[in-house]
Amino acid sequence: MSPININEKNAEKITAALSAANGRANSHTITCARHVSDIADAANDYLADLGLNKSRMVGAKVSYTSGDDVPNAYKWKRKVTHVHLERRKSGWFINSIEVVGIWGNAPKTSYLLTCEQDKIVVAKTRSAYRIIPIDEKGRDR
């Protein structure tokens with residue numbers, strides 16, 4: 001699959017790619033472009049909360065698995081949609097869509113940051129607190 005820019009213009013293309021990947025499965029899967037757009041919007045918000053501006057978000061990746069939580073007594077394997085998104089200069093792109101069979105609850109969202117993004121996030125976090133100095137015996141002063 002070639003990457004697809006997530007925007008209104010490509011909504012039909014995204015929905016077609018989802019339909020092709022999902023096949024007949026639709027209960028626990030992503031079936032429309034709007035859901036993918038919501039995932040990208042949530043990722044933008046999350047990265048902004050970490051302290052990254054839009055130009056610094058380039059290169060970040062998001063992995064999202066669909067499907068609500070199911071009771072422990074749910075005894076069947078179910079098909080869920082797994083999408084991989086990547087932030088580029090012109091916005092979020094879908095890199096891949098796959099359907100996987102899982103038991104129980106699916107992991108939801110995971111984020112992958114570049115080393116540069118990690119440095120920015122760590123520096124921002126560390127600027128919010130100070131460290132208690134320790135004495136020569138290793139105890140807090």
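Predicted model: local features only at pLDDT ≥ 70, side-chain atom pairs only at ≥ 80, totals over all residues.

Let me begin with a question: is Asp41 buried, partly exposed or exposed? Asp41 is partly exposed, because its relative accessible area is 38%, where buried means under 20% relative accessible area, exposed means over 50%, and partly exposed is in between, using a 1.4 Å probe and protein chains only.

Residues are numbered from 1 along each chain as its sequence is written, and side-chain values use heavy atoms, with hydrogens and water left out.

Let us stay with Asp41, whose side chain meets that of Arg34 in a salt bridge at 4.0 Å, N to O; the term stands for a side-chain nitrogen of Lys or Arg within 4 Å of a carboxyl oxygen of Asp or Glu. Arg34 also forms a salt bridge with Asp38, and there the closest N and O atoms are 2.8 Å apart, so that Arg34, Asp38 and Asp41 are linked in a network of salt bridges. Asp38 and Arg34 both lie in helix 2, residues 33–49, where they are 4 residues apart, about one turn of the helix. Helices here are DSSP runs of H or I with at least four residues, strands are runs of E with at least two, and both are numbered from the N terminus. Arg34 is partly exposed at 45% relative accessible area, and Asp38 is partly exposed at 36%.

The search of the whole structure finds 3 salt bridges, and one of them joins the side chains of Glu86 and Arg88, at 3.8 Å, N to O. Glu86 is buried, with a relative accessible area of 17%, whereas Arg88 counts as partly exposed at 29%. The charged end of Arg88 also sits over the ring of Phe93, 4.6 Å from its centre, a description that requires NZ of Lys or CZ of Arg to be within 6 Å of the ring centre and within 35 degrees of the ring normal.

Now to the strands. Why do we call strand 2 largely enclosed by the rest of the structure? The reason is that 4 of the 5 residues of strand 2, residues 61–65, are buried.

The structure holds 1 aromatic pair. Tyr46 and Tyr111 form this pair, which is stacked, at 4.1 Å centre to centre with 15 degrees between the planes. Rings of Phe, Tyr and Trp (its six-membered ring) pair if their centres lie within 6.5 Å, and planes under 30 degrees apart count as stacked, over 60 as edge-to-face and the rest as tilted. Because Tyr46 lies in helix 2 and Tyr111 in strand 5, the pair ties together parts that are 65 residues apart in sequence.
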